[in-house]
2 protein chains.
Amino acid sequence: MKNDVEQKYERLKKYLTREAYLKQAIRIVEFDRATVCPPEGRNGSGETMVVLESEAFGIKKEADYIQLAQELYADRENLTEARRCLIERLYRDYRRNSGITQEKKYEFEKAKSEAFVNWSKAREQGKFEVFLPSLEKVVAAERERVSLWKTDERDQNRSIYERLLDEYETGMTVEVLDALFSEGVKRITTLLKKINASPKQIRTDFLYRTVTDEQQEKCARYLLELLQFDFKQGVFSVSEHPFTEMMGKGDTRVTSHFYPNLFLSNVYSVIHECGHALFEQLQPDEDHAEFLTDGKTMGMHESVSRFYENILGRSRGFIHLIYPKMCEIFPQVFRDVSEEELYEAVNYVEPSLIRTEADELTYTLHIIIRYELEKDMIGGKLTGKAITEAWNEKYKEYLGVMPENDREGVLQDIHWTDSFGYFPAYALGNFYNAMYYEKMKEELDVEKLLMQGEFAPINQWMKEHVFQKADRQNPSEWIEEITGKKLAADAFLTYLEQKYTKIYGI
Amino acid sequence: MKNDVEQKYERLKKYLTREAYLKQAIRIVEFDRATVCPPEGRNGSGETMVVLESEAFGIKKEADYIQLAQELYADRENLTEARRCLIERLYRDYRRNSGITQEKKYEFEKAKSEAFVNWSKAREQGKFEVFLPSLEKVVAAERERVSLWKTDERDQNRSIYERLLDEYETGMTVEVLDALFSEGVKRITTLLKKINASPKQIRTDFLYRTVTDEQQEKCARYLLELLQFDFKQGVFSVSEHPFTEMMGKGDTRVTSHFYPNLFLSNVYSVIHECGHALFEQLQPDEDHAEFLTDGKTMGMHESVSRFYENILGRSRGFIHLIYPKMCEIFPQVFRDVSEEELYEAVNYVEPSLIRTEADELTYTLHIIIRYELEKDMIGGKLTGKAITEAWNEKYKEYLGVMPENDREGVLQDIHWTDSFGYFPAYALGNFYNAMYYEKMKEELDVEKLLMQGEFAPINQWMKEHVFQKADRQNPSEWIEEITGKKLAADAFLTYLEQKYTKIYGI
């Protein structure tokens, strides 16, 4: 019996290997497209990605593959833990995809790629109505797609929006999110009011001083080395939007962008992306061998990137550490700036319209707004022009600001051209990482390690506690195993309250 | 009838599209591997390429594809010229591959990838015997592979070596090569003796002066722009060995390398690779639409790259053109060097051991040596240790130099780890381009255009005469259509004799 299972697993592995390398090729083409590919080659490389996606999708439609997945699922108790975990995931995906033909799949992808084109046009013209028909098509396509799932027990009780949520954040529910976010809105807006009323003056003029690309490149490489990004198994490049991508074992890539009058954007992009990269570089070898590497949820990933970016990167200890080097790299910026002034500037709070430029405190509010809107859009309660109105009203309510046009409002993010249920991950990341930061502080003197630039023990702690099982657990199991506690909003909100009370003297 | 053919062609096109984009992905992964990929990611990306190759090979083994190729071949008179040309090629390849199973294919590829590993080891240790067993396996694999061809009329009368030759240089025969090369050896060695006996002193000391990477990058971009490389549909990067690769329509990439004490290596690598790139960038759109872009032979390609590198790039007019810019970019090199001294230095003749560093005159002798050896190896007349001995003897005979070890002898080139029949293309390139250069000079004042830096008319002439039909004709048809003459050695040898007689005053 055991032997039979082994043989089946080996046969299955051939399909998974083919798929894995096709996906690796897609990621390389994607990276190339964002960093190297000349303008007139981008159509062709976009088409290359579509064709490879379809070939990869086709592999899991082969009858022999499906039979193996079914049989191994039935026999999963005879597999190792890693393989059982894999088979359960494959079986789930097979069932979800089994109602979707290659033609349907193509139709869905087509709606998304058209939506991207029209979203770009709409942004250029600043007109939501140019994007609206495509947006409605994508909403309809996403609704249809998850309606076609052959549901299992878990799926049966889920709403359409929860099914989408489950794709990015396994097991997450609207009930849990509603609870976290309503407490979040309450305590963050309360804190924000106090900050707005505070007389504290924070200097930010020097953040806009002009720097060169060479200085920014030097700074990026300094930060990556400091945080122990491994250049033997990684690469740093420049692209329009910063991102991180693991191509495959031994190859994780980080990009950033260089704005000549906003050097801090590069600094925190690099630290953020480096967090994503460490998560991949410090992954157990077995996860690669057993095809488990995409098990981490988006929320887990954002928790790590935002842990490095905010909890570490915007801490007093970290600023003490990097201040001398910043003075050395950017002498023209820091000629009259103290260490304390830098610390305050990186933590300056100002409610604003653009999510990606938001400070650590208000960022979560931007996400909650998107969550509330997309839930209603997928639920069919919010359609047409009412979307813009709802967007603007919520910005006024939560942040006290009002977009002057759709470009700085509802058109700002690319996400709704192809994904719903993704946004909550950004906010969840903050709730998760504040919880494991509490745990880490029980075991390590984090502030002291930061002051001394000792990242090895911090990364090691992350590897053992946070990274180790991330590919195999759903987020609720994972956060409970790390911290011994159930997911709750308090750790994050307390962290914010303590930090900003001190900075603003409120 | 016509309609039926159209429908079949449309069905066939779907297979070709899938294959074309898989191949585009392979090229992007390959480029990425040579320019960006971190050391520990190279195994994975190598494996990605192998898997994609196998997927692409599999497409043309699908029964429906084979049936379409056969039926369309039978109906080829009802197709447009471009499509007939394509179908003939597809049918030929189908017949050649039909005896080769996917397992056999894998076995052949395996022999080659092992040969690469052992060749690298052998080079490190400087020992041919470390490479020899792998070399013999590759020779056996290549012999077996072409023996398995289902031969057509053309193939039936070909020897094993000629079949290999045909893969790189369609229609080329041993008889033609023997005639060209024996005349080549005779006239080049005669010229070489005169040069060796000449009292002419050529200054080369400044070629070894130290330059920075920034200067070399600037120089590379200057040359590419000068020759009208199109950066909207192309990219310049740095890699260990210079190469050019067309990813797909609108995306042709050129690389070079920067040696700090040999700036000329970068200069002529860039010009050479730019020649390859112009050939691709100025290709007719229809060749892309009809999947004909790989119709150019290696000899045609080398003729163009070596035309730009040598005939244009080492001409008196070109040196006059670039000399001021070279002084500006590399002031420390040119502080005491005249234009005439630069011209002489780029044409300095010295028999040497390493092909890739050889001067324009002796380069062809390096190729002829390899041709004579590989023909005998594939013919079974040259095996074992005798290969090294034969190599060394021929170097002594043709060039008057003797390798001190296998690294600077028989182990210097990577080619025999995976291909036989490829080398002649390098020499053929010289014979071809000297012939069309004669024709070009009848229509354009090339020297004057070079002095004035006017590349548009030169590139336009190349586009109309040399590039236009290269994807559709075999080399003998092509050279005859361009020049009105049959392939012969005289144009190239006369060009060399006139050029060097003048430079060396002999």
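In chain B of this predicted model, the axes of helices α19(B) and α23 (residues 490-504) come within 7 Å and cross at roughly 80°. Axes here are lines fitted to C-alpha atoms, for helices over the stretch in contact, and angles run from 0 to 180 degrees between N-to-C directions. Helices (H or I, at least four residues) and strands (E, at least two) are DSSP runs, numbered from the N terminus. The pair α19(B) and α23(B) is therefore roughly perpendicular; angles under 35 degrees count as roughly parallel, over 145 as roughly antiparallel, 65 to 115 as roughly perpendicular and the rest as oblique. From α19(B), the residues B:N430, B:F431, B:A434, B:M435, B:Y437 and B:E438 meet B:A491, B:F492 and B:Y495 of α23(B), where contact means heavy atoms within 4.5 Å. Sorted by class, this contact of α19(B) with α23(B) has seven nonpolar residues, one polar and one charged. Ala, Val, Leu, Ile, Met, Phe, Trp, Tyr, Cys and Pro count as nonpolar, Asp, Glu, Lys and Arg as charged, and the others, Gly among them, as polar.

Because the model is predicted, local features need pLDDT of at least 70, side-chain atom pairs count only at pLDDT 80 or more, and totals for chains, interfaces and linings use all residues, with side-chain values using heavy atoms and leaving out hydrogens and water.

Helix α19 (residues 424-443) of chain B also packs against helix α17 (residues 363-378) of chain B, at an angle of about 135° and with the axes 8 Å apart. That angle makes α17(B) oblique to α19(B). The crossing of α17(B) past α19(B) is left-handed, a term used if the near helix is turned anticlockwise from the far one by less than a right angle, with right-handed used if clockwise. On the α17(B) side, the contact is made by B:Y363, B:T364, B:I367, B:Y371 and B:E374, and on the α19(B) side by B:P424, B:Y426, B:A427, B:N430 and B:F431. Seven of the residues in the contact of α17(B) with α19(B) are nonpolar, two are polar and one is charged.

Helix α17(B) has another partner in helix α9 (residues 174-197) of chain B, and these two pack at an angle of about 140° with their axes 10 Å apart. They are therefore oblique to each other, and the crossing of α9(B) and α17(B) is left-handed. Residues B:V174, B:L177, B:D178, B:F181, B:V185, B:I188, B:T189 and B:L192 of α9(B) meet B:T364, B:L365, B:I368, B:Y371 and B:K375 of α17(B). The contact of α9(B) with α17(B) divides into nine nonpolar, two polar and two charged residues.

Attention now turns to the strands. In chain B, three strands make an open sheet with mixed pairing and the order β1-β3-β2; two strands pair if DSSP finds at least two bridges between them. At the edges lie β1 (234-238) and β2 (244-248) of chain B, each pairing on one side only. Neighbouring strands of this sheet are turned by 25° against each other on average, direction ignored. Four bridges pair β2(B) with strand β3 (residues 251-256) of chain B in the antiparallel sense, and B:M246 stands opposite B:T252 in β3(B). Helix α10 (residues 213-226) of chain B packs on the sheet, touching β1 and β3 of chain B, and its direction makes about 155° with that of β1(B). Helix α11 (residues 263-281) of chain B lies across β1, β2 and β3 of chain B, at about 170° to β3(B).

Chain A has an open sheet of three strands too, in the order β1-β3-β2 and with mixed pairing. There, β1(A) and strand β3 (residues 251-256) of chain A run parallel and are joined by five bridges, with A:S256 of β3(A) as the bridge partner of A:V238.

Note on methods:
Residues are numbered from 1 along each chain as its sequence is written. Chains are lettered from A and ligands numbered from 1 in the order in which they are written.
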